[in-house]
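Me: I've got a model open and want to check a few labels against their cut-offs. Can you go through them with me?

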Amino acid sequence: MTATLDDLLAGRTSITVIAPHPDDETLGCGRLLADARAAGIACTVVCVTDGARSHPNSRRYPPEKLAALRRAELEMAVQKLGSGIGVDHLGYPDCAAPQDGPAVDRICLLMAPATLLLSPWRGDPHVDHQSCATLAAHVTKRMGCRHLAYPIWGRVRPVASPPTDILRYHGSAEAAARKRDALACHCSQMTGLIDDDPEGFVMDADLQAMFLTEPELFHAP
C-alpha cells in the first residue's frame, strides 16, 4: 500500500527515529524525515551505537577515531535531510545495543506522547537492529506513541517471516534529492575512504542505489 506523510503520521506532531548505527536513519527513513521537516514537523534521530566495528582491522581508523568520524557523518547527514533535525547519541558499543534498561528512560525523555516512533524491524538480520526493535517496543509501551518499523537488511537478505501489510513511502522529489545528499555524507560506509581494512564494511553501489530509488518501507510491528 502506498502511504502519504499524513498516513504515516496519523495525527502525530513529531517524529523520533531510533537508529542502531549512523546511516540507518538515512537508509530507512531519510525521505520521510526530509518531507516531515519541510512540513514543519519536529524530528529527532536517536543513534544507539557508535558504529565503531564497521572496520575492525583499520589502523588508520581505530575504534575511537572511527566512532568520532561516524558521529560527524551522522550530524552532517541529518542536516542534509532538514535543518533543525535533532540528533542524540546514546553511545553504546557497536553490536551491543541494549534492549531495555536506562536506554528506555533516555529515549522517553526525548519524546512527547504525540510522537511517531520509527525503529528497525525486529526481524532484520543484525543483532543491533533486533535489539533496537525490542527497545522501541518498551518505549512504545511506556509512551503510548505510534510505532512503525523500517526494514534495512530484511529488504535484501533472506528472512524467516518477512513483514506484511507494508506501507510504501515514495516521498517528494526534493526529499529523494536530500536523501541522496545525506547518504553521501556517510563516506566511511558508502565509499572506500577507509582503505586499510579489506574486511571492513562498504555498501555495494547497487545496494545504495536500491535504497535511494525504491520506496521506503514501514509496517506496524
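Me: Why is C47 called buried?
Reply: Buried means under 20% relative accessible area, exposed over 50%, partly exposed in between, using a 1.4 Å probe and protein chains only. C47 comes out at 1% relative accessibility, so it counts as buried. Bear in mind that this is a predicted model, where local features need pLDDT of at least 70, side-chain atom pairs count only at pLDDT 80 or more, and totals for chains, interfaces and linings use all residues. Residues are numbered from 1 along each chain as its sequence is written, and side-chain values use heavy atoms, with hydrogens and water left out.

Me: And what makes C95 partly exposed?
Reply: Its relative accessible area is 34%, so C95 lands in the partly exposed class.

Me: Which strand holds the residue opposite C47?
Reply: That's β3, where H89 stands opposite C47. Strand β2 (residues 42-49) pairs with β3 in the parallel sense over five bridges. Two strands pair if DSSP finds at least two bridges between them, and strands here are DSSP runs of E with at least two residues, helices being H or I runs of at least four, both numbered from the N terminus.

Me: What makes β3 and β5 edge strands?
Reply: The open sheet has five strands in the order β3-β2-β1-β4-β5, paired in parallel. β3 (86-92) and β5 (146-150) each have a single partner strand, so one side of each lacks a neighbour in the sheet. Neighbouring strands are turned by 20° against each other on average, direction ignored.

Me: Which strands does α3 touch?
Reply: Helix α3 (residues 63-81) packs on the sheet against β2 and β3. Contact means heavy atoms within 4.5 Å. The direction of α3 makes about 160° with that of β3; angles run from 0 to 180 degrees between N-to-C directions, with axes fitted to C-alpha atoms, for helices over the stretch in contact. Helix α5 (residues 127-143) also packs on the sheet, touching β1 (14-19), β2, β4 (115-120) and β5.
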